[in-house]
Amino acid sequence: MEAMLEVLGIDPESESVYAALLSGRPVTLDDLARTTGLPPARARVALRRLQSSGLVGRRHRRPATYIAIDPEVALDGLLLNKQEELHQARLRAGEFTERFRRAAATRDPAEVIEIVTGTDAVQQRSDQMIRNVRHQLRVFDKPPYHDGGLDPNQAELDLLGRGVTVRAVYDAASIDIPGRQQLVRMWAEAGEEARVLADVPTKMGLVDDRLAILPLRAGSSPDPSPSFVVLHRSAVLDALSALFEALWAVAQPLRPSDEADENPQALSVEDQLLVSLLTAGLPDEAIARQADLSYRTLQRRLHALMERAGASTRFQFGIHAAANGWVSGVEPRTSVSGGDE
């Protein structure tokens, strides 16, 4: 049986002895040793630990027998003690955090910026930041990728697995890299909220409202020895947070909804994907790859959509798409009659 009570200070051997006593009848030391497979000396040590924790009672007979105390009473007591310890630890952590913030407010502005150089150092610092996210990770994803752009990023998957919110805005060139779209789908299936923009200004990671990491040098060519900036709490960090939210608001969702809209003008899931990619600014060749269509089939599908919208230009099509709720996140426009029917 897997040990689960170590968090309460009960070691695995003591837990196995306690489990053997849960039959409710008095048991001798020799009986416990046979049941648990422990040597009598180690079983005796475990019993003493359980007695000191209030989990086991001893009956003074010859030979002595032992009986488990009701877990609802005994374990609840230990849990309450542990909760009080955690509460005190949180208070202490809050004191340390406040002291750190007061010191940070008076420190040299240069200390707000941390420079990390080299592929390995950048990767290590990035993973460290991601694994310390408490509430939300926000990402600008943009080439170039020093790891080839195909690493599934286990750190992010771990975050999603424990329920942390992850939002990512992908540069159109990012999802057009062969193999990248499969990773984007994998992250989306794990819970990532993904949107796409024709031109993301820089790659960036925002950890809660505490830290940001972004490249020091701009450019589309991979740097053989990349340098990244880590920003701590500051007005610059607030500005980057505002930039992310502004671009998130105008970016197009990458993953279409799985259910059809009740609006009679609603599109199929496949056509929703085409419209999302088209209005995000992706070129036709990239849209065809994302939708797994040939270029000729894509043109035929887009032509059918434009005919359905009664549009002769893509600009007119964009207006119709927004007015009829074809663009994800945009409600259909409704007309209001001024007279009685």
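Q: Which residue in E11 is the bridge partner of Val-196?
A: Strands of a sheet pair through backbone hydrogen bonds, in either a parallel or an antiparallel sense. In this predicted model, Val-196 has Gln-252 of E11 as its bridge partner. The pairing of strand E7 (residues 193–197) with E11 is antiparallel and extends over 2 bridges.

Q: In what order do the strands of the open sheet of 8 strands lie, and which are the edge strands?
A: The order is E4-E10-E9-E8-E5-E6-E7-E11, and the pairing is mixed. Strand E4 (113–117) and strand E11 (252–253) are the edge strands, each of which pairs on one side only.

Q: How many bridges does E5 form with E6, and how many with E8?
A: Strand E5 illustrates both senses of pairing. With strand E6 (residues 165–171), E5 pairs in the parallel sense over 6 bridges. Arg-138 has Arg-167 in E6 as its bridge partner. With strand E8 (residues 204–207), E5 runs antiparallel and is joined by 4 bridges. There, Phe-140 has Met-204 of E8 as its bridge partner.

Q: Why is E5 described as largely enclosed by the rest of the structure?
A: A residue counts as buried when its relative accessible area is under 20%. Strand E5 (residues 136–141) is largely enclosed because 5 of its 6 residues are buried. For the chain as a whole, buried residues make up 39% of the 341 residues.

Q: How is the open sheet of 3 strands arranged?
A: Its order is E1-E3-E2, and the pairing is antiparallel. Strand E1 (27–28) and strand E2 (56–59) stand at the edges with a single partner strand each, so one side of each has no neighbour in the sheet. E1 is joined to strand E3 (residues 65–68) by 2 bridges, and these two strands run antiparallel. Within E3, Thr-65 stands opposite Thr-28. Helix H3 packs on this sheet and touches E2 and E3; the direction of H3 makes about 110 degrees with that of E2.

Q: At what angle do H1 and H3 pack?
A: Two packed helices are described by the angle between their axes and by the distance between those axes. Helix H1 (residues 12–20) and helix H3 (residues 40–52) pack at about 85 degrees, and their axes are 9 Å apart. The two helices are therefore roughly perpendicular to each other. On the H1 side, the contact is made by Glu-13, Ser-14, Val-17 and Tyr-18, and on the H3 side by Arg-42, Ala-46, Leu-47, Arg-49 and Leu-50. By class, this contact has 5 nonpolar, 1 polar and 3 charged residues.

Q: At roughly what angle do the axes of H5 and H6 cross?
A: The axes of helix H5 (residues 119–131) and helix H6 (residues 154–161) cross at roughly 0 degrees and come within 9 Å. This makes H5 roughly parallel to H6. H5 contributes Asp-127, Ile-130 and Arg-131 to the contact, while H6 contributes Ala-155, Glu-156, Asp-158 and Leu-159. These residues divide into 3 nonpolar, no polar and 4 charged.

Q: How many helices and strands are there in the chain, and what is its accessible surface?
A: The chain has 13 helices and 11 strands. Its accessible surface comes to about 20,000 Å², of which 52% belongs to carbon and sulfur atoms. Among contacts with a separation of 6 or more, 67% are accounted for by residues 24 or more positions apart.

How values were computed. Residues are numbered from 1 along each chain as its sequence is written. This is a predicted model: local features need pLDDT of at least 70, side-chain atom pairs count only at pLDDT 80 or more; totals for chains, interfaces and linings use all residues. Side-chain values use heavy atoms; hydrogens and water are left out. Axes are lines fitted to C-alpha atoms, for helices over the stretch in contact, and angles run from 0 to 180 degrees between N-to-C directions. Angles under 35 degrees count as roughly parallel, over 145 as roughly antiparallel, 65 to 115 as roughly perpendicular and the rest as oblique. Contact means heavy atoms within 4.5 Å. Ala, Val, Leu, Ile, Met, Phe, Trp, Tyr, Cys and Pro count as nonpolar, Asp, Glu, Lys and Arg as charged, and the others, Gly among them, as polar. Two strands pair if DSSP finds at least two bridges between them. Buried means under 20% relative accessible area, exposed over 50%, partly exposed in between (1.4 Å probe, protein chains only). Accessible areas come from the Shrake-Rupley method with a 1.4 Å probe; for residues, only the protein chains shown count as cover.
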